[in-house]
Amino acid sequence: MGDKFQLIHDVSPGTAGWTVKVVVAEKFSPRVAQRSPTKYQNLILMDSEGSTVQATLYGQNITTFQDELILGKTYLISNALVKETNAEYKAKSGEIQWTISGRTRIRRVEENNSNLLISTYSFTDFEDLPKYMDSNVDLSVIGMIIDIKPRRIIQTRFGKECQVQDLVLVNKRFDTVLLTMWEAFVDNECKYICQNLKKKTCSDWKASQSLSISTKADSSFFIDGEFELVEEFKSWGHTNSEIIDNMISEKHYLTSTPSKLFSKLSVLTDEKDFTEIKSIQGLKTVKQFFWIKGRASVKVLNQTYWYMSCNNCNKISSENYGDIYPCVFCKCTDAKAIPRAKVYMQLTDPTGYINATAIGNPAEYFLQSNAQILMNQTLIPTAASMRLSIDEDEIFYVKAITQELSPDCKFEILFIVNPSQIAGDKNKGKAPVEHIGEPIKFLEPTTKRSLFHSDTDDAQSSKKKCDKSTIEITKKNQ
């Protein structure tokens, strides 16, 4: 990037006549301040030594500079207001921030500094993602987008309605992970991706069983990033076009997760890492996750083992099976009413018991039946018609959720795993583990940093059936 300009650390409040050459390393979505109506947008700028500074735009300047300061591009910047960072508008660590306004001089420099930019990323392999469950760690991943789910509306536990959209990423070992995009990323990045995919948005998804990662409010995306890793991924995608086409057609990534993901779950191999049930009885804290090793059984036989649901958001529906209707929850205009399994059961370990609910695939796994059969069953179940207990220890991933009308938490089983199949190399020859349950969320519904590369301009690729059109990289906090 050259040495004739000042570096970021040379500029402080009161410094005059400075010009710094920087690359836009991150660009966040505009936000509204917590204690005022002020709208602001943060960027992270990087110089040739890898030093970074936060730059902030306010109000109308966000629109003024929306086509400037493009992610990954290089600029000469001078005459920005340099001051100490205001905590209310702070994006990350750092004592100094630049405020960019109409007085700031910005000039684009035609340089490719992708090698400098990519050097700041440390990528996490898909198979290592389970290590970060229940943590708030930002991760960087790279993958190719092969499928996209319709947009849906959800309600957070705070009562706010949010729009979300799910993407399926695949890596070079054909492992998949679900990326959930939130709010502004649905309007921007997802819209761009939908327009450039070589197929229509998928409309027949059911509840996915993939590992799931999620975007944050301060995530940033590169479109058409000029990175060597991206080019390598494009080449890999073209070479393996037929395999990826089959993945898209068969959609196995919606029903199971590769067993090797679970072989990496060290938390499942040490008894001391499991939660004793007695320690969560009467729990009153909000939304926690626990590994429990124990057994399960149905104590109340006379219960409904299914409910009619929206095929897009899984919320309850009053429609008849197979009806197409507008869902009031996710706002999908062509939702389909389908049965979904559920069971109320008791989890026990040597220290005590809790009552918990399993919904969807965990319920089907426990009952050894499916929602269609359960819907058609009119008699009270017996051990001959479905499984009513698990008499050997299994591993349950349980979520505790605060109830509106009760001070105590209720518990939901997200998935069930047989511990004899977790140890990997210690259990060679045994059947592979399948993920039984809903998508595993590694973060709260707000996101990781990402890089996309669109592959839509390749003429030969556009003739192929394969829908792989996007590379994504998520950026880790420094």
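Student: Is W98 buried or exposed?

Tutor: W98 is buried, with a relative accessible area of 0%. Keep in mind that this is a predicted model.

Student: And W18, buried or exposed?

Tutor: Buried, because the relative accessible area of W18 is 4% and the cut-off for buried is under 20%.

Student: How many aromatic pairs are there in total?

Tutor: The count is seven aromatic pairs. One of them joins W18 and W98.

Student: What geometry do W18 and W98 have?

Tutor: The pair is tilted. The centres are 4.8 Å apart, with 45 degrees between the planes.

Student: Where do W18 and W98 sit in the chain?

Tutor: In distant parts, 80 residues apart. W18 is in the segment before β1 (19–27), and W98 is in strand β7 (residues 96–99).

Student: What about F233 and W236, which kind of pair is that?

Tutor: Edge-to-face. Centre to centre it is 5.4 Å, and the planes make 80 degrees.

Student: Which element holds F233 and W236?

Tutor: Both lie in helix α4 (residues 228–239). They are three residues apart, about one turn of the helix. F233 and W236 are both buried.

Student: Which residue lies over the face of F233?

Tutor: K172, at 5.4 Å from the ring centre.

Student: And which charged end sits over the ring of Y365?

Tutor: That of R387, 5.4 Å from the ring centre of Y365.

Student: Which residues do ring pairs link into a cluster?

Tutor: F289, W291, Y397 and F415.

Student: New topic. Where does M308 lie?

Tutor: In strand β15 (residues 306–310). M308 counts as buried, because its relative accessibility is 10%.

Student: What does M308 touch, leaving out residues up to four places away in sequence?

Tutor: Its contacts include K315, I316, Y321, P339 and M375. For M308 and P339, the C-alpha to C-alpha distance is 4.5 Å, though they are 31 residues apart in sequence.

Student: Last one: where is S297, and which residues does S297 touch?

Tutor: S297 lies in strand β14 (residues 288–297). Not counting residues up to four places away in sequence, S297 touches M345, Q346, F366, L388 and S389.

Student: Why does S297 count as buried?

Tutor: Because its relative accessibility is 14%, and buried means under 20%.

Methods: Residues numbered from 1 in each chain as written. Predicted model: local features only at pLDDT ≥ 70, side-chain atom pairs only at ≥ 80, totals over all residues. Heavy atoms only, no water. Phe/Tyr/Trp six-rings, centres within 6.5 Å; stacked < 30°, edge-to-face > 60°. Helix = DSSP H or I, 4+ residues; strand = E, 2+ residues; numbered from the N terminus. Buried < 20%, exposed > 50% of the residue type's maximum accessible area, 1.4 Å probe, protein only. Lys NZ or Arg CZ within 6 Å of the ring centre and 35° of its normal. Contact = heavy atoms within 4.5 Å.
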